[in-house]
Amino acid sequence: MSLTEQINTDIKNAMKAREKEKLSALRDIKAKLLLEATASGAQEEISAAQENKIILKLHKQRMESYALYVEQGREDLAADEKFQAEIIEAYLPKMMSEEEVKAEVAQAITDLGAQGPQDMGKVMGTLSKKLAGKADGKMISTLVKEGLNNL
């Protein structure tokens, strides 16, 4: 079952259970997925990688909004954003651990023959494509810097 099909099923279940807040988050996900599908032209289905990218982006937006509302003392709005982020988390792809990313970084540095920090762009370009949706970009960047500085 694709992510879109899973979202549709969960929307039906949330409607039957009269879960307004959950339904709102699910409809937001569905809207973003539909928008992406129609933006890409005649293609009806979007790839799993695109779905994961959209889900990650939505989750990140919710967490940033949550942090902003907490900072501003708007607990009512913060609670809503946190709840929606938790709903979206259920659809996030399994993320790689730091140790798995370190292994990928070391392999990429070896494969590309990187000599030092000047090769950061080359290594990041390869890893960003390979680990898209599987690992956090900031963590990848940090580990690449460490790996290249230790050469």
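This is a predicted model: local features need pLDDT of at least 70, side-chain atom pairs count only at pLDDT 80 or more; totals for chains, interfaces and linings use all residues.
1. Leaving aside residues up to four places away in sequence, His59 touches Ala85, Ile88, Glu89 and Leu92.

2. His59 has its place in helix α3. With a relative accessible area of 14%, His59 counts as buried, because the cut-off for that class is under 20% relative accessible area.

3. The space in the largest pocket comes to about 820 Å³. Its lining is made up of 26 residues, and those closest to the centre of the pocket are Asn52, Lys53, Leu56, Lys57 and Lys60. The elements that contribute two or more residues to this lining are α2 (20–39), α3 (48–71), α6 (120–130) and α7 (137–149).

4. Sorted by class, the residues that line the largest pocket are 12 nonpolar, seven polar and seven charged. A reader who wishes to follow this on the structure could begin with the residues closest to the pocket's centre, among them Asn52 and Lys53.

5. Helix α5 takes in residues 98–112, and its 15 residues, at 1.5 Å a residue, should span 21 Å; the C-alpha atoms at its ends are 21 Å apart, which agrees with that expectation. Its buried residues are Val101, Val105, Ala108 and Ile109. They lie on the same side of α5, because the arc they cover around the axis is only 100°.

6. On the face of α5 that is turned away from its buried side, one finds the exposed residues Glu99, Thr110 and Asp111. The buried residues of α5, for their part, are covered by elements that include α6 and α7. After α5 comes Gly113, which has a positive phi, near 65°.

7. Helix α7 can be checked in a similar way: its 13 residues, at 1.5 Å a residue, should span 18 Å, and its end C-alpha atoms are 18 Å apart, so expectation and model agree. The buried residues of α7 are Ile140, Ser141, Leu143, Val144 and Leu148, and they pack against α5 and α6.

Key
Residues are numbered from 1 along each chain as its sequence is written. Side-chain values use heavy atoms; hydrogens and water are left out. On a 1 Å grid over the protein atoms alone, a cavity is a set of points where a 1.4 Å probe fits but cannot get out, and a pocket is an open set with protein on both sides within 12 Å along at least five of seven lines; lining residues have an atom within 4 Å of a point. Grid points are joined across faces, edges and corners, and a volume is the space filled by probe spheres set on the points. Helices (H or I, at least four residues) and strands (E, at least two) are DSSP runs, numbered from the N terminus. Ala, Val, Leu, Ile, Met, Phe, Trp, Tyr, Cys and Pro count as nonpolar, Asp, Glu, Lys and Arg as charged, and the others, Gly among them, as polar. The expected span of a helix is 1.5 Å times one less than its number of residues. Buried means under 20% relative accessible area, exposed over 50%, partly exposed in between (1.4 Å probe, protein chains only). The arc is that of the directions from the helix axis to the C-beta atoms. Contact means heavy atoms within 4.5 Å.
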